[in-house]
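The sequence and model are placed below for reference.

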Amino acid sequence: MATKGQISDPMIDPKTGEFAVIAPGHNFKSVTEKIAGVVLTSNTPLGWFFGLIVASGVATFLVIAVTWLFLKGVGIWGVTIPGAWGFAIINFVWWIGIGHAGTLISAILLLFKQTWRNSINRFAEAMTIFAVCCAGLFPVLHVGRPWLGYWLFPYPNTMNIWPQFRSPLCWDVFAVSTYATISVVFWYIGMVPDFGTLRDKAQSPLAKFVYGLLSLGWRGSTRHWMRYETASLLLAGLSTPLVLSVHTVISFDFAVAALPGWHTTIFPPYFVAGAIYSGFAMVLTLAIPIRKFYHMEDLVTLRHLDNMAKVMLGTGLIVAYGYGMEVFMAWYSASHWEFFMMWNRMFGPMGWGYWILIATNIAIPLTTLWSRKLRVNVTYLFILSLIVNTGMWFERFVIVVTSLYRDFLPSSWGTYKATKWDYMLYVGTLGMFSFLFLLFVRLAPMIPMNEIKMMLPQTKIKGLDAETTIEETA
Amino acid sequence: MAHGHEQHGHGALTEPKTLPASLQAPEVVAAWRTRALIVAAVAAIASLLFLFAGGADHVMRGYLLGWMMTFSLCGGGLCLLMLQYVSGGKWGLLLRRPLEAMTRTLPLVIILLIPILVFAKKLYLWAAFPTFESVEEGLKSKLLTEAQAHALNFKRPMLSPVSVIVQMVVVFAIMGAFTYFLNKWSLEREADPERGSQGSYDRWRIKFENLSGIGVLIYCGLLTIVAIDFIMALDVTWYSSVWGLLFLVGQGYVVLAAAVHSSIRLAKYEPMATILRKTEQYDLGKFMLGFVMLNIYLAFAQFLIIWSGNVPEELPWYLNRIRGGWWVICTCDFIFHWVIPFVLLLSRDLKRSRSKMLALTGWMIFARGFDLFWLIEPNFPDAARNLHLSGNLSILAYITVPVAILGIWMAFYLTTLMSRPLVVVNDPHTEEILEPEHAH
């Protein structure tokens, strides 16, 4: 809600008092020029090249770490007994979680008819796909012999060996591969009309050819639009359960084990909420610099940032409830093992991890996101998104490491120390993610032109408006 | 009698509707209240017969089920009321008065709790063995197992008669405060001298949002306490961290069904007939489908984790609910509570049909009660035997006692519903809801 002093602000919708979803003054032509211009321009900004070089440099860590891993094996990592799961699983869960916001925005908010999603859904979907790519690397590398990674899939073979279907790690293979497939298809189908626009607007023959291929012969006929809308709704329907199911299955990786700290029934909803929480934080991390760099403030407005911050507040509170219930049940269970696990998590040698988690995931965001002033403070939100991303990484660190390194037998207690290869691999995936994302914003329309145009007043055909629309379109 | 769908000529298609002169609840509500009281009286007499025929245990267990249902409707009503203030949207406008009326049944819900606290020994080990000494004696006389004795002693700060009473005082005091302010402000909003202006809309919206946001949060904690104290603690050794959330969703399931049922029933008469459109009824149906799915999602996740964990401290809770005759109850619960509402709510036509939605929402209220039966009864050592009617007729108290309690609650609810106009006027959505349906 706008304050009195903001009423004359053109970005405030006088009817609702909320920030406008898109700034006034846009028409079909200006939307096309603004978004397609980023892709079709021959003058690539120097900043983009700079970003790509930095991202490539960071991604080199990944190449080096993976090469050394292939040569030496997983022994170069910090995993050992009792801490048999370490950075690889932490990073896998963290990246998969980040992807969830893209699916939520593109699928669930579409079904809920939330028009504010239109400006951010495309790059959120791209974020999902690149995050899943990063996530997928870790389990494949963790199997020790990645070239035999296809053994994870159940296929008829001469050895008559099948995966253990009762293991959630096997369910992960199906959940994540389905998720990746549906996300890619949804993302691509959504871009087809925009590829058609790029094909028509492109000057260079190569661009015309490539976007022509990608647009699958899109002509914008009524029949095409009808099929497009139907396909979008069907894919949204397919993706919606995936938002819940993927991270639920990942929570089962831990929860079905009889290990204090993992075996807890709150995990499924709390993992899903945490995934959305971290995913929205990552969307903010990406959206804020991009809207600034490409001057997209009129398309990705404060309304989007405010709404995303509200979603973070809601999901963050569910996560906080989950933490609270874990602590409470550690006492209520009257189980020595549960109680010790929580005490060790809080005050053991790695207790610092727990308190960083509480500070970054709960104390800082959930006390400040109630303030509307802070929710629309772009700088603050950017910093907060980084803080929450850090917090969510620590959440997985705490779950994986502090539950494992002191198990039931004190004689087998150990510790966990990540090696430089663990760090390089993680940082390398950040580089790879940034590299892919920068390529995406340069080569594909980062904001869906067709959906933004649907929101323009001109689409509501009423007398003069209709004439204006036709004129401007021409 | 209008049904809110303008199919009587071109003029009716384009002109917004106007509200009737009287916005009070129709007189028929008084007749419904009388019927509720008659049903409650008959069910109470039957329950007394079971009580005097030696079925005190079942009467108390049935009473607990009935009380949990009334608490779900009252507390769940409060939570949903706050949720609609936070989320906004037209759907909340239709349910606001029924939900407010549900929240104002809080005094009755508190009074109805007293017998549970007084006769807690019949239900809870923490009440039957309230001290370390009594636990020691129970252990010696083999009335308690080692695990139960350990749990009772360990959890005494939370599970003891004094502690539970203190917790309930706090829970109901907080719920009472939220109920008081939300209901008081709702009346003041209607009496606002600037009503109908953007300034008035904004001022009240922010006020309600600010209270409701924190209210939903606090309520989640309060409900968790109640769900643990009165249902989870029936088996003092068992625990599940998703329990509170499961009950929260279960409350959403039943209270949404009850509120939609109320609105559709009231929409046979003015003024609800004017404001209940198929569009919003359809949206409410989708909302109900969401709760149905969320409910089974959490229930199944809890089952899968405990089943796969196969830990002796946890698994018997499910084994007691699956083995023997309980397999039939468990299957029925799955079908009643999830399969039937899920399959039916997938239908667009059903969600838009008033008569079918009335039947389905009624069914969902029953299904929630059935689910509570599955949650409550197997906690007791005589549960397996109790599934046979022969020589065990008092098990029917699980039907008569909740019906009696719900009948009394219903009469009180209808009384509170009649005390205010059914339609909220000073709300920006009121105007939208009066627009012809094809405009959306």
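Which residues in α3(B) meet which residues in α11(B)? I worked on a predicted model, in which local features need pLDDT of at least 70 and side-chain atom pairs count only at pLDDT 80 or more, while totals for chains, interfaces and linings use all residues; side-chain values use heavy atoms, without hydrogens and water. Residues are numbered from 1 along each chain as its sequence is written, with chains lettered from A and ligands numbered from 1 in the order in which they are written.

Entry 1: a helix pair in chain B.
I looked up contacts (heavy atoms within 4.5 Å). From α3(B), I listed Met68(B), Met69(B), Phe71(B), Ser72(B), Leu73(B), Gly75(B), Gly76(B), Gly77(B), Cys79(B) and Leu80(B); they meet Phe247(B), Leu248(B), Gln251(B), Val254(B), Val255(B), Leu256(B) and Ala258(B) in α11(B). By class, the residues of this contact divide into 12 nonpolar, 5 polar and no charged; Gly counts as polar here. Helices are DSSP runs (H or I, at least four residues), numbered from the N terminus. The axes of α3 (residues 56-87) and α11 (residues 243-266) of chain B come within 8 Å and cross at roughly 85°. I therefore recorded α3(B) as roughly perpendicular to α11(B) (65 to 115 degrees). Axes are lines fitted to C-alpha atoms over the stretch in contact, with angles from 0 to 180 degrees between N-to-C directions.

Entry 2: Val255(B).
Is Val255(B) buried or exposed? Val255(B) is buried, with a relative accessible area of 1% (buried is under 20%, exposed over 50%, with a 1.4 Å probe and protein chains only). Leaving out residues up to four places away in sequence, I found that Val255(B) touches Ser72(B), Leu73(B), Gly76(B), Gly77(B), Leu80(B), Leu99(B) and Met102(B).

Entry 3: the largest nonpolar core.
I counted as a core a set of buried Ala, Val, Leu, Ile, Met, Phe, Trp, Tyr and Cys residues joined through side-chain atoms within 4.5 Å. The largest has 288 residues, and those with the most contacts inside it are Trp95(A), Trp67(B), Phe230(B) and Trp243(B). α3(B) gives the most to this core, with 17 residues. Beyond four places in sequence, Trp67(B) touches residues including Val109(B), Phe172(B), Phe230(B) and Ile405(B).

Entry 4: His100(A).
I located His100(A) in helix α3 (residues 87-111) of chain A. His100(A) is buried, with a relative accessible area of 0%. Among the residues that His100(A) touches, not counting those up to four places away in sequence, are Tyr179(A), His247(A) and Ile276(A).

Notes. Helices (H or I, at least four residues) and strands (E, at least two) are DSSP runs, numbered from the N terminus. Angles under 35 degrees count as roughly parallel, over 145 as roughly antiparallel, 65 to 115 as roughly perpendicular and the rest as oblique.
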